[in-house]
Amino acid sequence: QVQLVASGGGSVQAGGSLRLPCTISGLAASRNCMGWFRQAPGKEREEVASFRTGGTTYYADSVKGRFAVSRDIAKKAIYLQMSSLNPDDTAMYSCAADLRDSVWVGGSGCRYNYWGQGTQVTVSS
């Protein structure tokens, strides 16, 4: 019943920008522990930008100042705005969530356990 579908990927030149939406079904868009991950071939999946507990937003050091995560509650979607892209950003991008009820409990941490359909982003020099 839960679906997270990322889209908006494509091929861009270095220095360009791209905006990725993730549509959400079966979960509240206001949910804690939702965000964006990426994985390049032969590399570990990494957390890129996410809404964590305690009202905090997380960004990987490699994307700080370049990427921004946002959400639209009415549209049931989260977004990843990417700018100043470089070839190291090339990866499959997916949105993810922690489906545990404990995400609503103060002081709890995130354990991402559900990854949705991803979208490919390719950045060329």
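Trainee: Hi! Where is Lys-76 found?

Mentor: Lys-76 sits in the loop between strand 7 and strand 8. Keep in mind that this is a predicted model.

Trainee: Thanks. What is phi of Lys-76 near?

Mentor: It is near 50°, a positive value in a residue other than glycine. Most residues other than glycine have a negative phi.

Trainee: Is Lys-76 buried or partly exposed?

Mentor: Lys-76 is partly exposed, because its relative accessible area is 36%, and buried would mean under 20%.

Trainee: What is Ala-29 in contact with, leaving aside neighbours within four places in sequence?

Mentor: With that exclusion, Ala-29 contacts Ile-24, Met-34, Arg-71, Asp-72, Ile-73, Lys-76 and Ala-77.

Trainee: How far apart are the C-alpha atoms of Ala-29 and Glu-44?

Mentor: They are separated by 26 Å, while the two residues are 15 residues apart along the chain.

Trainee: Let me zoom out. How many helices and strands does the protein have?

Mentor: The protein has zero helices and 11 strands. Read from the N terminus on, the elements run β-β-β-β-β-β-β-β-β-β-β.

Trainee: What about overall dimensions?

Mentor: The C-alpha atoms fill a box of roughly 45 × 30 × 25 Å along the principal axes. The radius of gyration is 14 Å, which agrees with a compact globule, because one of 125 residues would have a value near 14 Å.

Trainee: How much of the protein counts as buried?

Mentor: Of its 125 residues, 40% count as buried. The accessible surface comes to about 6,400 Å², and 48% of that belongs to carbon and sulfur atoms.

Trainee: Which residues have the most contacts inside the largest nonpolar core?

Mentor: Those are Leu-20, Trp-36, Phe-67, Leu-80, Met-82 and Tyr-93, in a core of 29 residues. Among the elements that give two or more residues to this core are strand 3 (18-25), strand 4 (34-39), strand 8 (77-82) and strand 9 (91-97).

Trainee: Which residues does Tyr-93 contact, leaving aside neighbours within four places in sequence?

Mentor: Its partners include Leu-20, Trp-36, Phe-67, Leu-80 and Met-82. Phe-37 is also in contact with Tyr-93. A second, separate core of five residues includes Phe-37, along with Ala-96, Val-103 and Tyr-112.

Trainee: One more residue: where does Ala-68 lie?

Mentor: Ala-68 lies in strand 7. Ala-68 is partly exposed, because its relative accessible area is 35%. Not counting residues up to four places away in sequence, Ala-68 touches Tyr-59, Tyr-79, Leu-80 and Gln-81.

Trainee: Last topic, charges. How many positive and negative side chains are there?

Mentor: There are 13 positive and 9 negative side chains. The centres of the two sets lie 5 Å apart.

Technical notes
Residues are numbered from 1 along each chain as its sequence is written. This is a predicted model: local features need pLDDT of at least 70, side-chain atom pairs count only at pLDDT 80 or more; totals for chains, interfaces and linings use all residues. Side-chain values use heavy atoms; hydrogens and water are left out. A nonpolar core is a set of buried Ala, Val, Leu, Ile, Met, Phe, Trp, Tyr and Cys residues joined through side-chain atoms within 4.5 Å. Buried means under 20% relative accessible area, exposed over 50%, partly exposed in between (1.4 Å probe, protein chains only). Helices (H or I, at least four residues) and strands (E, at least two) are DSSP runs, numbered from the N terminus. Contact means heavy atoms within 4.5 Å. The radius of gyration is taken over C-alpha atoms; the globule rule is 2.2 Å times the number of residues to the power 0.38. Accessible areas come from the Shrake-Rupley method with a 1.4 Å probe; for residues, only the protein chains shown count as cover. Lys and Arg count as positive and Asp and Glu as negative; His and the chain ends are not counted. The place of a charge is taken as NZ of Lys, CZ of Arg, CG of Asp or CD of Glu.
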